[in-house]
Amino acid sequence: MAENESGPDPLGDDPRLTSLDARLKQAQAAEAHRTGAGKTDATESYNLGNRVLAELLGGMIGGALIGWVLDRLFGTSPALLLLLLFLGIGVAFRNIIRLSKRSK
């Protein structure tokens with residue numbers, strides 16, 4: 001008669017197994033939160049790198065362009081260009097430092 005039976009009778013949901021599954025999911029979520037898994041991915045790092053590059057180039061180009069225009073208006077050949085170029089670099093570095101502090 002054992003050959004005619006298809007297998008063990010389904011017992012339904014075992015409360016011990018559902019409790020074990022719930023505790024396992026909770027432990028995996030706690031471990032992922034503790035290790036920071038899933039928090040950073042490749043696209044987030046890529047976007048941060050692009051933002052840093054844009055801040056640096058924007059500060060330098062913007063400062064140099066405004067300095068060049070003001071030099072042409074006032075006739076002070078390289079003075080305002082250099083001054084605003086270095087000011088733009090300083091502002092860009094300040095923004096990059098602020099970005100790095102915010103991402104942690």
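Tutor: Read along the sequence, this chain follows the pattern α-α-α. Helices (H or I, at least four residues) and strands (E, at least two) are DSSP runs, numbered from the N terminus. The model is a predicted one, in which local features need pLDDT of at least 70 and side-chain atom pairs count only at pLDDT 80 or more, while totals for chains, interfaces and linings use all residues. Residues are numbered from 1 along each chain as its sequence is written, and side-chain values use heavy atoms, with hydrogens and water left out.

Student: Is glycine 67 buried or exposed?

Tutor: Glycine 67 lies in helix H2. Buried means under 20% relative accessible area, exposed over 50%, and partly exposed in between (1.4 Å probe, protein chains only). Because its relative accessibility is 0%, glycine 67 counts as buried.

Student: Which residues is glycine 67 in contact with, leaving aside its neighbours within four places in sequence?

Tutor: Contact means heavy atoms within 4.5 Å. Glycine 67 and leucine 84 are 17 residues apart in sequence, yet their C-alpha atoms are 5.4 Å apart in space. With neighbours within four places set aside, the contacts of glycine 67 are Leu80, Leu81 and Leu84.

Student: Why does leucine 84 count as buried?

Tutor: Leucine 84 belongs to helix H3. Not counting residues up to four places away in sequence, leucine 84 touches Gly63, Ile66, Gly67 and Leu70. Leucine 84 is buried because its relative accessible area is 18%.

Student: Which helix do the buried residues of H3 pack against?

Tutor: The buried residues of H3 are Leu84, Gly88, Ile89, Ala92, Asn95, Ile96 and Leu99. An α-helix has 3.6 residues a turn, so residues three or four places apart point the same way. The buried residues of H3 pack against helix H2 (42–74).

Student: What does H3 reach from its first C-alpha to its last?

Tutor: Helix H3 covers residues 79–102, which is 24 residues. The expected span of a helix is 1.5 Å times one less than its number of residues. For H3 the expected value is 34 Å, and the model is close to it, at 35 Å.

Student: Is leucine 73 buried or exposed?

Tutor: Leucine 73 is in helix H2. Because its relative accessibility is 64%, leucine 73 counts as exposed.
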